[in-house]
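Welcome! Please take a look at the model shown here, and then we can go through a few questions together.

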Protein chains: 2
Amino acid sequence: MATYLKELYCPRCSATYNPHEPHNLCECGTPLLVRYDLERIAREVTPDVWERRPEGLWRYRELLPVVHEENIVSLGEGGTPVYELEKVASEYGLGRLFLKDEGMNPTGTFKARGAAVGVSRAKELGLKTLAMPTAGNAGAAWAAYTSRAGIKMVVVMPQDAPLTTQAESVAYGAETYLIKGLISDAGKAVREACAKYGWFEVATLKEPYRIEGKKTMGLEIWEQFGGNLPDVILYPTGGGVGIIGMWKAFNELRELGWLKGRLPKMVAVQAEGCAPIVKAYREGKDKAEFFQGAQTIAAGIRVPSALGDFLVLDAVRKSGGTALTVTDNQILDAWKHLAVTEGALICPEGAACVVAAKKLAEEGFIASSDSVLILNTGAGMKYTELLKEKAKLLESGSLVS
Amino acid sequence: MATYLKELYCPRCSATYNPHEPHNLCECGTPLLVRYDLERIAREVTPDVWERRPEGLWRYRELLPVVHEENIVSLGEGGTPVYELEKVASEYGLGRLFLKDEGMNPTGTFKARGAAVGVSRAKELGLKTLAMPTAGNAGAAWAAYTSRAGIKMVVVMPQDAPLTTQAESVAYGAETYLIKGLISDAGKAVREACAKYGWFEVATLKEPYRIEGKKTMGLEIWEQFGGNLPDVILYPTGGGVGIIGMWKAFNELRELGWLKGRLPKMVAVQAEGCAPIVKAYREGKDKAEFFQGAQTIAAGIRVPSALGDFLVLDAVRKSGGTALTVTDNQILDAWKHLAVTEGALICPEGAACVVAAKKLAEEGFIASSDSVLILNTGAGMKYTELLKEKAKLLESGSLVS
């Protein structure tokens with residue numbers, strides 16, 4: 001397996017690091033990114049090599065950081081479908097509206113991509129114990145892949161994290177803790193414990209490889225849209241790794257000369273009750289402030305402070321995108337509506353993007369000629385506790401009166 | 001879109017029916033099967049056409065019954081991964097043990113395949129209201145696809161069907177009823193209502209197209225194993241549509257001349273508390289009797305009587321396979337073990353096959369040189385209510401004592 005992994009670099013101070021040893025943040029406190037030898041890839045590889053391989057994340061291995069194939073820890077992640085939402089598009093006055101369904105991943109969310117690559121690299125670097133704070137789904141995904149890799153995993157989640165994600169993390173054998181408070185409180189507990197016990201911290205962007213896994217969403221979109229990209233991509237933004245990853249993918253493809261056309265407008269969608277990125281975007285700031293009293297039913301975007309905020313804001317601005325909020329009621333309504341109209345039971349975070357698409361169409365930001373892609377980051381069946389309606393008991397045992 | 005759909009036929013009395021109008025059972029009471037013009041396919045198509053299309057069920061459209069492409073109702077079903085269970089294989093004295101993870105389908109189970117093709121054909125034939133009894137997952141899947149197709153759906157499930165499947169069916173907007181009793185009682189209520197209200201009954205094998213969707217598991221296995229098939233395939237057998245479908249796929253491929261080697265041994269796995277097929281197999285019978293007092297935690301195989309029993313028994317015997325039972329305790333143990341060992345949170349029905357593989361290795365039915373494939377029919381996250389262990393609350397907010 002040829003590797004094109006070159007170095008780790010800091011997007012803020014430009015310091016570089018050896019990728020063959022474990023690193024968390026840059027000395028300046030910034031998340032590290034992975035640099036590949038793109039010139040050599042452009043000389044030695046053509047994209048039809050990817051096309052001929054089985055679908056899934058690892059078909060893009062030249063743009064992934066794993067050096068030795070035997071370190072790949074896989075549960076069949078990636079290769080998720082894109083399908084069209086014709087009825088909702090016509091209702092909302094949108095042209096072509098597509099949904100990429102990341103629910104069809106191991107553990108039912110896009111977190112599997114980051115975990116697959118992050119855990120594979122942790123295995124390659126010989127790490128023994130990983131620890132992370134999580135809103136729920138990332139913990140479930142990392143618990144699955146560390147179980148497969150034989151690495152010890154410690155997961156800390158808010159007490160009100162979705163029950164299914166709590167149970168998944170426990171089932172995979174991760175040491176799983178609940179904490180009173182937010183993901184930021186869980187983060188503090190993990191930081192302290194890593195410092196004391198020498199565990200390797202894998203919180204969002206605290207290690208550089210999760211983003212490489214998420215990047216593959218962008219590579220797949222490029223393939224699935226036949227080498228062109230949609231005009232607008234809406235992404236539910238918590239830690240923001242997906243938007244950073246997709247933007248990195250598009251820029252790498254461009255540098256390789258494999259992407260000729262324009263890049264999509266990247267739209268960061270947040271909940272009204274937790275919108276640090278949207279606030280910073282509106283105020284013209286480069287970084288976001290801690291969002292006090294964060295509250296939303298969409299647990300995955302209840303992230304009051306994100307290490308990669310400046311990278312998200314950069315992608316949104318450079319792409320000509322925007323950032324906006326939606327309310328919990330709007331999320332719930334769209335969530336139910338998509339299931340009964342399109343047969344798509346998505347996650348609340350994905351539903352937030354459906355609402356955002358509608359709003360942006362109304363405001364004229366999205367034109368009816370635009371092709372629009374929504375990232376649904378997880379399977380709706382993990383969230384059926386949000387549904388109040390119940391099945392009816394047939395007391396008589398008969399449907400015929 | 002070229003169609004090779006030829007006719008419906010009865011595998012018992014050989015009567016044939018026009019496929020361009022709706023049919024339930026043969027007049028002799030037997031499930032109908034779909035016949036294609038295989039000679040014409042062999043002349044006009046080569047398998048590399050399939051390989052060049054995107055992954056997923058519809059790449060095999062020449063062997064599927066939909067006539068007009070616009071009738072395809074799709075949520076991105078099929079194209080599920082196969083991965084290896086190395087640790088468990090070596091523990092159990094097996095050679096190569098593979099798992100095909102059908103949990104990575106829309107609605108999280110293999111039922112999506114049957115629903116995709118069944119609902120597409122219902123749309124093509126102009127049906128307005130469908131009704132079915134279900135253990136849970138089929139109802140959720142048909143609710144999703146009928147929602148997408150704009151067809152009315154009535155679902156009846158046992159009162160103790162898994163909660164997630166109840167909620168899914170409701171969320172998709174299907175009329176969803178619970179009944180005291182088993183799937184056979186739900187079946188009676190649906191039959192009566194269909195007779196009275198003119199709804200079209202889509203219970204297991206009561207219409208001929210669900211099986212065509214399930215058949216695509218067999219086509220994928222053939223592709224994923226590079227044109228050769230595993231030596232042994234283990235399948236959790238409730239209604240048995242999957243085993244019938246895979247067997248039909250293998251035989252169609254053979255008739256097309258695309259499958260040269262031997263066919264796999266097909267193994268039907270049932271629960272000790274509900275084992276009509278295993279009983280008939282052991283007694284050398286062609287049909288199974290109603291299994292009194294059916295009881296198992298694996299809801300998907302709690303099917304006391306299956307219309308297609310004779311087809312399952314035929315596939316098992318012709319393939320040189322076998323049929324065996326496992327206990328609920330064994331299922332639960334294997335279910336937990338696979339999650340902590342392999343990072344695979346599967347469904348109880350899939351876990352039943354893991355136990356069966358172990359037993360058959362011990363008995364010598366499976367040799368250590370055999371390649372063995374387990375069908376995991378659904379995502380384990382739908383069954384986390386089976387897990388007794390819980391996450392621990394960190395009262396102090398800290399992991400550092």
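**Getting to know the model**

With 9 C-beta neighbours inside 10 Å, Ser14(A) counts as exposed (a residue is exposed if 12 or fewer other C-beta atoms, placed from the backbone, lie within 10 Å of its own, buried if 20 or more, and partly exposed in between). This is a predicted model, where local features need pLDDT of at least 70, side-chain atom pairs count only at pLDDT 80 or more, and totals for chains, interfaces and linings use all residues. Residues are numbered from 1 along each chain as its sequence is written, while chains are lettered from A and ligands numbered from 1 in the order in which they are written.

Q: Is Thr107(A) buried or exposed?
A: Thr107(A) has a positive phi, near 65°, although the residue is not glycine. Counting around Thr107(A) gives 34 other C-beta atoms within 10 Å, so the residue is buried.

Q: Which helix of chain A supplies the largest share of the side that touches chain B?
A: Contact here puts 61 residues of chain A against 60 residues of chain B (C-beta atoms, placed from the backbone, within 7 Å). Helix 5 and helix 7 of chain A are among the elements that each supply at least two residues (helices are DSSP runs of H or I, at least four residues, and strands runs of E, at least two, numbered from the N terminus). The largest share, 7 residues, comes from helix 6 of chain A.

Terms used:
Contact = placed C-beta atoms within 7 Å.
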